[in-house]
Amino acid sequence: MTVVTDPRSAPAQQSLQLILARNLISTLSTAAFIVDPDGTVVFYNEAAGDFVGMSYEETGKVPLSELRAALAPVDAEGRPIDPAELPVAIAVREQRPVHETHRARPPHEDELTVEILALPLIGPDDSHEGTIVVFWPHAGGSQ
């Protein structure tokens with residue numbers, strides 16, 4: 001019998017939507033992660049790992065707040081953005097797609113402008129199964 005001492009590495013029953021989403025984002029060259037309805041990042045791809053400076057293989061599942069801290073999103077004046085106003089929070093709360101542009105201070109990089117797209121995953125019974133978040137540097141660079 002295997003005893004799991006770290007809850008981040010514990011196997012979990014995931015919906016088909018989360019499994020398929022993980023398969024999809026693992027093939028993307030654009031940074032992406034998946035958040036379950038409880039606010040846990042259940043997977044992020046290699047590009048997201050490069051962006052935040054830690055691979056999924058190193059961390060396993062992490063609270064959304066931990067990934068958010070690594071991205072350090074800020075407003076135009078450089079103040080941290082209220083977590084409830086970030087695209088992922090809005091997509092989870094309102095179960096609708098959200099696209100916004102924000103500033104971020106990823107580890108080991110200068111502050112830059114990023115595009116963020118959050119897409120809710122809705123199950124066959126209209127249940128919220130999670131959210132895919134895709135983000136990339138803004139075409140204009142750091143503004």
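Buried means under 20% relative accessible area, exposed means over 50%, and partly exposed lies in between, using a 1.4 Å probe on protein chains only. By that rule, both faces of strand β1 are covered: Ala31, Phe33 and Val35 on one side, and Ala32 and Ile34 on the other, are all buried. This is a predicted model: local features need pLDDT of at least 70, side-chain atom pairs count only at pLDDT 80 or more, and totals for chains, interfaces and linings use all residues. Residues are numbered from 1 along each chain as its sequence is written, and side-chain values use heavy atoms, with hydrogens and water left out.

**Overall layout**

- The protein chain has 5 helices and 6 strands. Helices (H or I, at least four residues) and strands (E, at least two) are DSSP runs, numbered from the N terminus.
- Along the sequence, the pattern reads α-β-β-α-α-β-α-α-β-β-β.
- Of the 143 residues of the protein chain, 43% count as buried.
- A contact means heavy atoms within 4.5 Å. Among contacts in the protein chain with a separation of 6 or more, 43% come from residues 24 or more positions apart.

**The sheet**

- Six strands make an open sheet in the order β3-β2-β1-β6-β5-β4, with antiparallel pairing. Two strands pair if DSSP finds at least two bridges between them.
- β3 (62-63) and β4 (98-104) stand at the edges with a single partner strand each, so one side of each has no neighbour in the sheet.
- Helix α1 (residues 16-26) packs on the sheet and touches β1 (31-35), β2, β5 (112-122) and β6 (128-137). The direction of α1 makes about 170° with that of β1. Axes are lines fitted to C-alpha atoms, for helices over the stretch in contact, and angles run from 0 to 180 degrees between N-to-C directions.

- β1 is mostly covered, with 5 of its 5 residues buried. In a regular strand the side chains alternate between the two faces of the sheet.
- β1 and β6 pair in the antiparallel sense over 5 bridges. Phe33 stands opposite Val133 in β6.
- On the β2 side, 3 bridges join β1 to β2, and the two run antiparallel. Ile34 stands opposite Phe43 in β2.
- β1 and β2 form a hairpin with 4 residues between them. Gly39 in that turn has a positive phi of about 85°.
- In β2, 4 of the 5 residues are buried, so the strand is largely enclosed by the rest of the structure.
- β2 (residues 40-44) pairs with β3 in the antiparallel sense over 2 bridges. Val41 has Val62 of β3 as its bridge partner, and Thr40 stands opposite Pro63 in β3.

**The cavity**

- A cavity is a set of points, on a 1 Å grid over the protein atoms alone, where a 1.4 Å probe fits but cannot get out; lining residues have an atom within 4 Å of a point.
- The count comes to 1 cavity of 30 Å³ or more.
- The largest cavity holds about 200 Å³ of space. Grid points are joined across faces, edges and corners, and a volume is the space filled by probe spheres set on the points.
- The largest cavity is lined by 16 residues, of which Phe33, Leu71, Pro73, Leu86 and Ile116 lie nearest its centre.
- At least two lining residues each come from α4 (64-71), α5 (87-94), β4, β5 and β6. α4 gives the largest share, 4 residues.
- By class, the lining has 14 nonpolar, no polar and 2 charged residues. Ala, Val, Leu, Ile, Met, Phe, Trp, Tyr, Cys and Pro count as nonpolar, Asp, Glu, Lys and Arg as charged, and the others, Gly among them, as polar.

- Ala69 sits in helix α4. Ala69 is exposed, with a relative accessible area of 57%.
- The C-alpha atoms of Ala69 and Val52 are separated by 9.3 Å, and the two residues are 17 residues apart along the chain.
- In α5, the buried residues are Pro87, Val88, Ala89, Ile90 and Ala91. Their cover includes β1, α4, β4, β5 and β6.
- Just after α5, Gln95 takes a positive phi of about 50°.

Methods
1 Å grid on protein atoms, 1.4 Å probe; cavity = no way out; pocket = protein on both sides within 12 Å on 5 of 7 lines; lining within 4 Å.
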